[in-house]
Amino acid sequence: MTVQPKMKTTAKALFAGAILVAAAPGAAFSANAAEWPTENVRLILPFSAGGSIDRFARGLTQHWEEFHDYAMIVDNRGGASGLLGSRTFLGSPSNGHYLFAGIQPTLSMNIVAQGADFDLDDFTFINIEQRDYTSIVVRADSPYETIEELVESIRENPGSVTMSMATGSGTHLFGLAFLDTLDLNPNIVTFDGGGEQRTDLLGGHSDAAFSSAYGDMTLGDQVRVLAVSSHETFPGWPDAPPVNEAFPEADLPAIGDNRFLAVHTSFAEENPEAFEAIVASYQEVFNSDAYQAHIENLGSDLISGYYGPEESKEIIYEIHEVVERYGDMLSGN
């Protein structure tokens with residue numbers, strides 16, 4: 001097989017603007033399925049440029065390109081809280097050269113709360129790379145020193161403690177599950193994003209927030225994290241216990257924003273060896289010294305890991321069950 005050289009800057013720009021062209025599943029692969037990729041790769045993101053998943057995807061593709069002779073283009077298709085981009089991916093050629101970078105539970109929220117015309121089974125997962133756990137955070141000058149004190153105050157004075165959530169996120173889902181499981185009724189305020197939410201908290205308008213443990217690290221000593229949704233102590237906040245350690249009766253999944261890579265299930269089922277080649281290629285990049293140095297430099301090594309297809313699927317489907325449990329609340333009913 002003749003290997004085509006990686007596209008130069010001008011050609012890459014033309015490719016990035018091209019219209020998706022239908023292709024027969026598996027048509028790009030020879031008998032040697034390990035020959036992946038055999039053409040340029042498009043990584044479709046269901047969100048606009050500039051966000052956390054965009055930064056993750058661009059860093060990954062820049063390093064992944066160094067391991068083969070083809071270009072990898074990040075294709076941002078934002079809209080409808082990720083729904084439009086997911087549809088775009090599923091409508092793209094199922095040939096292993098169109099990959100998907102998404103967030104769970106946002107994908108399940110598209111399906112359960114927004115009535116998407118696709119299912120979780122339409123995606124086969126390569127890996128959850130980033131597990132951005134939920135934090136329960138207060139200002140540094142808050143009277144609440146521990147998660148137990150905050151919960152006790154909510155129980156003794158229902159509605160008097162104000163907590164914030166960013167709707168449509170993993171932290172939103174965890175917040176609903178935490179309050180329901182412990183039967184708590186604080187005053188809830190909602191925001192469209194974590195930035196507005198943190199501004200509200202620091203301004204003293206909310207008493208506490210269901211936030212991002214990793215994102216809260218940018219606030220430094222302005223805040224105190226009382227607990228984290230991870231099952232193990234989160235390295236960024238070593239004094240904050242896991243929620244299930246503080247409240248064993250809760251037994252909550254480690255819910256947060258899980259950033260993952262996936263292919264079409266139709267492709268994985270029809271081309272199992274080619275799918276394994278993609279997984280092996282990705283794993284090689286993830287474990288490389290250069291990529292590990294990259295994520296360490298960003299600080300995202302605290303939330304990054306290689307779980308593999310099977311464990312990633314288990315995590316994603318476990319969170320999907322929680323989304324189904326709170327589907328009515330997530331959809332505003």
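Me: Why is Arg 58 called partly exposed?
Reply: Its relative accessible area is 31%. Buried means under 20%, exposed means over 50%, and partly exposed is the range in between, with a 1.4 Å probe and protein chains only. Arg 58 is therefore partly exposed. A word on the source: this is a predicted model, local features need pLDDT of at least 70, side-chain atom pairs count only at pLDDT 80 or more, and totals for chains, interfaces and linings use all residues. Residues are numbered from 1 along each chain as its sequence is written, and side-chain values use heavy atoms, leaving out hydrogens and water.

Me: How do you know that Arg 58 forms a salt bridge with Asp 54?
Reply: Their closest N and O atoms are 2.9 Å apart. A salt bridge needs a side-chain nitrogen of Lys or Arg within 4 Å of a carboxyl oxygen of Asp or Glu. The pair therefore meets the definition.

Me: Where do Arg 58 and Asp 54 lie?
Reply: Both are in helix 2 (residues 52-64). They are four residues apart, about one turn of the helix. Helices (H or I, at least four residues) and strands (E, at least two) are DSSP runs numbered from the N terminus.

Me: Why does Asp 54 count as buried?
Reply: Asp 54 has 5% relative accessibility, so it counts as buried.

Me: How many salt bridges does a search of the whole structure find?
Reply: Eight. One of them joins Arg 42 and Asp 75, at 2.7 Å from N to O. This pair links distant parts of the chain: Arg 42 is in strand 1, Asp 75 is in strand 2, and they are 33 residues apart.

Me: Are Arg 42 and Asp 75 buried or exposed?
Reply: Both are buried.

Me: How do you know that Asp 132 forms a salt bridge with Arg 259?
Reply: The closest N and O atoms are 3.1 Å apart. This pair also spans distant parts of the chain: Asp 132 is in strand 4 (residues 123-139), Arg 259 is in strand 9 (residues 256-264), and 127 residues separate them.

Me: Why do Asp 132 and Arg 259 count as buried?
Reply: Asp 132 has 6% relative accessibility, so it is buried. Arg 259 has a relative accessible area of 5%, so it is buried too.

Me: What makes a network of Arg 42, Asp 75 and Arg 77?
Reply: Salt bridges that share partners join these residues into one network.

Me: What makes strand 1 mostly covered?
Reply: Five of its five residues are buried. Val 41, Leu 43 and Leu 45 point one way, while Arg 42 and Ile 44 point the other way. In a regular strand the side chains alternate between the two faces of the sheet.

Me: Why is Leu 45 called buried?
Reply: Its relative accessible area is 0%, so it is buried.

Me: How do you know that strand 1 and strand 2 pair?
Reply: They share five bridges, in the parallel sense. Two strands pair if DSSP finds at least two bridges between them. In strand 2, Ile 73 is the bridge partner of Arg 42.

Me: What stands out about the phi of Ala 80?
Reply: Phi is near 55°, a positive value in a residue other than glycine. Most residues other than glycine have a negative phi, and most peptide bonds are trans. Ala 80 sits in the loop between strand 2 (72-76) and helix 3 (83-90). At 40% relative accessibility, it is partly exposed.

Me: Where is Asp 183, and why does it count as exposed?
Reply: Asp 183 is in the loop between helix 6 (170-181) and strand 6 (187-191). Its relative accessibility is 61%, so it counts as exposed. Its phi is also positive, near 55°.

Me: Which residues does a cis peptide bond join, with omega of about -5°?
Reply: Trp 36 and Pro 37. Pro 37 is in the loop between helix 1 (9-16) and strand 1 (41-45). The peptide bond from Gln 104 to Pro 105 is cis as well, with omega near 25°.
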